Amino acid sequence: MLDIIIFLVLLALGYGFGRWAEKKHFASIIEREELLRGLLTFSGRFPPQGLGPLETVLVDGNVVISVDYFKRISAALRSLLGGRVTAYESLLERARREAILRMKQQAFDSGASHVINVKLETASISKGYGKQVGSVEVFAYGTALIPQST
Amino acid sequence: MTEYSNPQIPEGINISAEHPLKDFFLMLSAISFALVLAVLLLSMFAGQLVRFIPFSVEQTLTENLGQWQLQLPETDSPDEESAAATLPDDEQALAQSNTEKQVYNARVEAYLQQLGNHLLENSKRPLPVALHYIDSDIINAFATLGGHIVVTRGLLTILPNENSLAMVLAHEIAHVQHRDPIVALGRGLTVGLALMCITGNGDGAMAQQLLGEVNLLVGLRFSRDAETAADQAALELLLQHYGHVASADQLFQYLRRHQGDAPIEWFSTHPLHDQRIAMIDRFAAKHRLAQMETTPLPAWLQISGHSIN
């Protein structure tokens with residue numbers, strides 16, 4: 001009986017805080033994306049033509065987001081039934097956009113106008129329980145192009 | 001530069017719009033439904049299949065347990081502790097009273113066995129039963145694997161005559177004849193094993209629970225249908241033996257009055273419901289005789305609180 005109560009409390013806490021954090025995070029992501037819209041990012045390997053002399057520098061952004069208890073249970077249930085793991089979709093979306101944002105922020109701070117060759121790496125950090133996913137890491141990196149005024 | 005641009009990406013294209021709670025409860029209800037269905041089906045199949053286990057296997061199983069040592073939780077057992085502190089004389093007296101007790105218990109057991117055999121006399125090819133007596137205040141009687149039936153001293157003290165005792169014995173005997181113990185155990189084990197497989201809870205907790213199920217030979221639960229069938233069969237046995245079913249409902253009447261009393265463990269294994277009493281009353285009404293003499297319990301049976309109230 002106590003186990004069930006603990007489980008339900010964890011579930012409710014996970015859901016409450018998870019939703020709240022997610023909502024706040026998305027608002028912040030949208031706001032900052034708008035601020036950095038001027039900085040163009042591409043996955044292409046070569047710089048756009050006619051940019052003049054450039055200095056290149058590696059920029060990166062790294063983010064780790066934890067799975068909340070509700071999402072974990074929800075995903076576990078989904079693993080029995082199959083289908084879209086909707087619980088993790090928003091989680092990864094947040095991680096991806098946040099990682100790119102941090103990379104762009106770094107590029108912006110170094111005065112870049114473009115970031116090319118942008119790539120993403122993801123990793124799940126398990127807490128030693130084998131199959132259980134603890135948190136997800138997304139790492140974004142690219143080459144920032146800083147225009148040189150000769 | 002025309003080919004390179006970062007268009008505004010619309011929000012929410014990578015995320016399902018569905019509310020997470022709705023998704024969660026849909027999945028939960030689907031899985032619960034499937035689980036309940038699977039458990040019900042398994043339990044049903046197990047109950048049917050387990051009947052194919054020969055009774056002799058049951059007997060061998062319980063034989064392998066060695067001495068029949070069902071330990072009911074004792075309410076008071078100061079004998080061992082006080083014995084160490086007493087003088088040798090007292091110890092001797094205690095030992096003597098202990099052997100006397102053993103002799104007496106054996107006599108009660110023989111009497112119960114005899115009564116049980118009498119009840120089965122008229123049955124065709126009955127499964128053999130072995131009756132056991134436990135010197136305990138707890139009011140209980142139960143049937144378990146291998147035809148073993150256990151009756152406690154507590155139960156004997158509340159029964160006014162042999163007829164009412166015969167009803168209890170006949171009820172437990174009927175459980176054995178219907179093979180209810182092995183069905184209950186087979187069902188419990190199958191469902192436990194299935195749940196263990198599904199939840200993957202193999203780290204001992206569930207296995208321990210499963211073992212507990214085996215150890216709980218004392219507390220095998222029979223289904224309500226099995227109880228009703230056992231009552232019916234018990235009344236038939238009683239009718240054959242005594243020619244009437246007077247006093248058959250004595251125990252139930254007593255239990256109804258004392259519902260919720262602590263030492264009555266009967267309730268945990270035999271859920272009481274008015275339907276059962278009504279069924280016995282109907283049967284009794286059908287077979288009412290002008291003269292219905294009840295047989296008293298043997299006088300040597302040292303039981304206190306003979307009156308039933």
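Modeller: Two strands pair if DSSP finds at least two bridges between them. The model discussed here is predicted.

Biologist: What is the order of the strands in the open sheet of chain B?

Modeller: The sheet is open and has three strands. Its pairing is mixed. From one strand to the next, the twist averages 20 degrees. The order is β1-β3-β2.

Biologist: Which strands of chain B stand at the edges?

Modeller: An edge strand here has a single partner strand, so one side of it is left without a neighbour in the sheet. That holds for each of two strands in chain B, residues 130-134 and 141-144. They are β1 and β2.

Biologist: How many bridges join β1(B) to β3 of chain B?

Modeller: Strand β3 spans residues 148-152 of chain B. β1(B) and β3 run parallel. Across this pair, Leu131(B) stands opposite Ile149(B). The number of bridges is five.

Biologist: Which helix of chain B packs on the sheet?

Modeller: The helix touches β1, β2 and β3 of chain B. Its direction makes about 20 degrees with that of β2(B). It covers residues 162-178 and is helix α6.

Biologist: Is Asp231(B) buried or exposed?

Modeller: Asp231(B) sits in helix α9, residues 224-242 of chain B. The cut-off for buried is under 20% relative accessible area. Asp231(B) has 0% relative accessibility, so it counts as buried.

Biologist: Which residues is Asp231(B) in contact with, leaving aside its neighbours within four places in sequence?

Modeller: Two of the partners, Met167(B) and His171(B), fall within the 162-178 range of helix α6.

Biologist: What share of the contacts in chain B with a separation of 6 or more is between residues 24 or more positions apart?

Modeller: Chain B holds 12 helices and three strands. Of its 309 residues, 40% count as buried. For contacts with a separation of 6 or more, the share from residues 24 or more positions apart is 72%.

Biologist: Turning to chain A, is Trp20(A) buried or exposed?

Modeller: Trp20(A) lies in helix α1, residues 2-35 of chain A. Exposed means over 50% relative accessible area. Trp20(A) has 53% relative accessibility, so it counts as exposed.

How values were computed:
Residues numbered from 1 in each chain as written. Chains lettered and ligands numbered in written order. Predicted model: local features only at pLDDT ≥ 70, side-chain atom pairs only at ≥ 80, totals over all residues. Heavy atoms only, no water. Helix = DSSP H or I, 4+ residues; strand = E, 2+ residues; numbered from the N terminus. Buried < 20%, exposed > 50% of the residue type's maximum accessible area, 1.4 Å probe, protein only. Axes fitted to C-alpha atoms, helices over the stretch in contact; angles between N-to-C directions. Contact = heavy atoms within 4.5 Å.
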